[in-house]
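Please read the notes below alongside the sequence and the structure.

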Amino acid sequence: MRSSKFQFDVLLLFVVLFSSFARGQQQEQPLADGTGGEDAARSASTLLAAGEVEQAEQLLKSYLDSHPKNCDALIALSDVRLQQQRITESTELLAMALAADPESVSVNEKVGDRLFQRRQFAEAMDRYETVLLLQPHNVEATRGEVEAASQLALEARKGGNNEAAIAALQHAREIVPDDPTLLFYFGIQAQQMGLLKDAEAALRQSLKLRPADQRTLYALSRVEMDRDELPAAEDHLRQYLNQVPNDASAHYGLGRLLYRELRADDAAAELKRSIDLQPAQTESYYELGQIALDGRRDADAQTLFAKTLAGNPNHGGALTGLGIVAYRAKDFVVSEQYCASAVRNAPDYQPAHYYHGLALAKLGKKSESDRELAAAIDLAHSQEMAKHQGLQLADPPPLP
């Protein structure tokens with residue numbers, strides 16, 4: 001019996017000791033797996049938000065004294081240093097966090113987010129791309145890559161560097177090939193650079209991935225108009241208007257498209273709808289004036305061009321239109337004056353030079369007339385060449 005009791009006591013002591021050891025291990029575990037660092041980082045973030053910068057710094061430094069490679073605490077201290085305007089130290093702490101665990105998804109995401117917040121978009125993309133190499137379908141890294149590339153492209157475009165803008169978007173497309181937002185931004189940038197074939201391909205892929213998206217439908221219709229794919233452009237623009245029926249700019253665009261398809265009555269109806277929705281504008285009045293002018297309704301055209309000029313006194317198209325009306329009325333002095341003003345305000349508008357040359361000829365100013373007619377021929381030739389090369393031609397401005 002004594003022997004049995006002794007064995008039982010030893011076993012009980014072993015259980016008690018093992019339980020104590022296990023509890024000790026459980027208490028240490030959060031520090032080993034990083035949850036202690038997460039807690040410290042969370043507490044520091046709360047202190048920072050309350051303006052308690054020094055307290056946040058002391059909390060993190062104290063934690064890092066015993067856990068010098070904890071990534072969460074290093075990143076949080078980097079935020080503190082940034083708040084203190086100690087930029088170099090802040091950057092070094094991010095580098096230390098990465099060095100401590102260079103293939104950690106969470107660390108790369110967090111560092112990427114910090115770099116994005118600091119508008120270091122190219123560096124942020126490097127971090128998101130590291131995550132995507134490890135986890136190709138990581139939602140947060142995909143979002144970060146798209147947003148960082150978009151912002152990088154926007155900054156480049158604002159700086160006048162369109163090549164850098166499209167390069168940033170193309171690079172991101174190689175990493176995230178099927179993101180509809182990225183494809184949309186690439187299509188917009190490509191259109192602005194006259195890369196219409198690339199713009200159309202990207203926008204079509206974006207629309208396939210995100211069917212019926214309003215912005216993509218509108219953008220794709222604009223590209224298709226630029227490429228003279230008028231039936232497709234009309235279809236996509238009508239799909240857009242089914243969702244946004246009161247968009248004056250879209251009705252204006254549809255009116256211009258329909259007139260290019262020689263559907264004058266339908267075009268006029270859309271342009272009038274645009275004016276009903278937004279009376280204080282110029283472009284729909286101008287397009288209606290062109291329809292009237294082409295239909296030999298010169299009195300109506302004159303009224304509509306006058307309304308255009310009331311909103312924009314320097315509108316080259318309307319000035320030319322009034323010059324044409326005056327030319328037909330054989331008032332060559334007035335015609336020359338309107339066309340000369342049109343040339344000054346819209347030097348690349350070919351009809352302005354052409355009718356200016358005709359009016360000058362009627363006034364007996366042959367050398368000046370020859371110069372204007374030669375300019376008209378050169379512009380017509382260069383615009384035709386641009387069209388064949390797939391470049392985007394000048395478009396009237398959007399509605400004000």
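1. Asp-300 is partly exposed, with a relative accessible area of 40%, and Arg-297, at 39%, also counts as partly exposed (partly exposed lies between buried, under 20% relative accessible area, and exposed, over 50%, with a 1.4 Å probe and protein chains only). The two residues form a salt bridge whose closest N and O atoms are 3.0 Å apart (a side-chain nitrogen of Lys or Arg within 4 Å of a carboxyl oxygen of Asp or Glu).

2. This is a predicted model, in which local features need pLDDT of at least 70 and side-chain atom pairs count only at pLDDT 80 or more, while totals for chains, interfaces and linings use all residues. Residues are numbered from 1 along each chain as its sequence is written, and side-chain values use heavy atoms, leaving out hydrogens and water.

3. Glu-224 forms a salt bridge with Arg-204, with 2.8 Å between the closest N and O atoms. The pair links helix α12 (residues 214-226), which holds Glu-224, to helix α11 (residues 196-209), which holds Arg-204 (helices are DSSP runs of H or I, at least four residues, numbered from the N terminus). Glu-224 is buried at 0% relative accessible area, whereas Arg-204 is partly exposed at 37%.

4. Glu-287 and Arg-256 meet in a salt bridge of 3.4 Å, N to O, and both residues are buried.

5. Thr-320, Ile-324 and Tyr-327 in α18 meet residues of α20, among them Pro-351, Tyr-355 and Lys-362 (contact means heavy atoms within 4.5 Å).

How values were computed: Helices (H or I, at least four residues) and strands (E, at least two) are DSSP runs, numbered from the N terminus.
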